[in-house]
Amino acid sequence: MTLLEQKLSFDRIIERVEKARLRVNNHHIVKIVAASKYVDADAIRSLYAIGQRAFGENKVQDLVSKSEALDELPIEWHFIGTLQKNKINQLLSAHPHLLHSIDSLELAHALNERLERENMNLRALVQINSAYEATKSGFYPEEINEKYAQIMQECPRLHLQGVMSIGAHVEDTALIRKSFETTRRIYETLPNASICSMGMSGDFEMAIEYGSNLIRLGSILFPKI
Ligand SMILES: *Cc1c(COP(=O)(O)O)cnc(C)c1O
């Protein structure tokens, strides 16, 4: 893609996000995190050059290497993948802006311990498996309120900001809607939660309709890969 084509394609996506958010209301602001797992540092640099500031990786090694390669740019890095406990040190060394994917109490405790030792804090979201899919990580809707409260209480180095969820991986849009609605309903009950991270390339308009204020867009932003 030429730079012009890339700009036009990016503008069309922003336009779609804008229309979707205005259908909620004028004050509903939606942040775009570019899921850059499909691309290298140069492609991130070109999207940065046309205005994108937040990028998310789903592998710790990629977050580390790309954030080092792009050290000169004030990029806001997000970690959106499943985090293995043995990758915590590496993750923290990259100083991510937000971790989207706390999916167990064990992980929360391990993170808190490491943060304590390094005298650091970390913004984080708790992942909800609102589609009840065995292949997905996250807490089930029935347990999330209790676990969220427990993490807040027992892991003071983790600054919980809300929830992350991946929409149901099905063709049936009614089921996708249902999973988004479940996430939104839970999000609204959580104390001091301000981030509802849901919606990807194939379902972001629907996610915004259900209250998402952070969408993670990958393939649609990097179409030729
Ligand atoms: C890859 C990825 C995305 C983006 O997916 P697309 O369908 O390519 O937009 C969003 N969230 C997570 C957790 C991902 O791993």
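This is a predicted model: local features need pLDDT of at least 70, side-chain atom pairs count only at pLDDT 80 or more; totals for chains, interfaces and linings use all residues.
Is C155 buried or exposed?

1. **The cysteines.** C155 is buried, because its relative accessible area is 0%, and buried here means under 20%. C196 is buried too, with a relative accessible area of 0%. If you were hoping for a disulfide, a search of the whole structure turns up zero of them. As a reminder, a disulfide is a covalent bond joining the sulfur atoms of two cysteines.

2. **The length of helix α7.** Have a look next at residues 173-189, which form helix α7. With 17 residues at 1.5 Å a residue, this helix should span 24 Å, and its end C-alpha atoms are 25 Å apart, so the two values agree.

3. Which residues of α7 are buried? They are I176, S179, F180, T182, T183, I186 and Y187. These residues cover an arc of only 150° around the axis, so they sit on the same side of α7. The spacing makes sense, because an α-helix has 3.6 residues a turn and residues three or four places apart point the same way. Turned away from that buried side is a face with the exposed residues K178, R185 and E188.

4. **What α7 packs against.** The buried residues of α7 have several partners: the strands β5 (122-128), β6 (158-165) and β7 (195-198), along with the helices α6 (141-154) and α8 (204-209).

5. **S197 in strand β7.** Strand β7 is worth a visit of its own, and S197 is found there. This serine counts as buried because its relative accessibility is 0%. The side chain of S197 makes a polar contact with the side chain of H100, at 3.1 Å. Leaving aside residues up to four places away in sequence, S197 touches H100, L125, V163, M164, S165, L214 and R216.

6. **The ligand.** Which residues are around the ligand? They are A35, K37, Y38, N58, I80, M200, S201, R216, L217, G218 and S219. R216 is a handy landmark, being one of the residues around the ligand and also one that S197 touches. In the side chain of S201, an N or O atom is 2.5 Å from an oxygen atom of the ligand. For G218, a backbone N or O atom lies 2.8 Å from a ligand oxygen. For S219, a backbone N or O atom likewise lies 2.8 Å from an oxygen atom of the ligand.

Conventions:
Residues are numbered from 1 along each chain as its sequence is written. Side-chain values use heavy atoms; hydrogens and water are left out. A disulfide is a pair of cysteine sulfur atoms within 2.5 Å. Buried means under 20% relative accessible area, exposed over 50%, partly exposed in between (1.4 Å probe, protein chains only). Helices (H or I, at least four residues) and strands (E, at least two) are DSSP runs, numbered from the N terminus. The expected span of a helix is 1.5 Å times one less than its number of residues. The arc is that of the directions from the helix axis to the C-beta atoms. Contact means heavy atoms within 4.5 Å. A residue is near a molecule or strand if one of its heavy atoms lies within 4 Å of it. A polar contact is a pair of N or O atoms within 3.5 Å; within protein, one must be able to donate a hydrogen and the other to accept it, and residues adjacent in sequence count only if both atoms are side-chain atoms.
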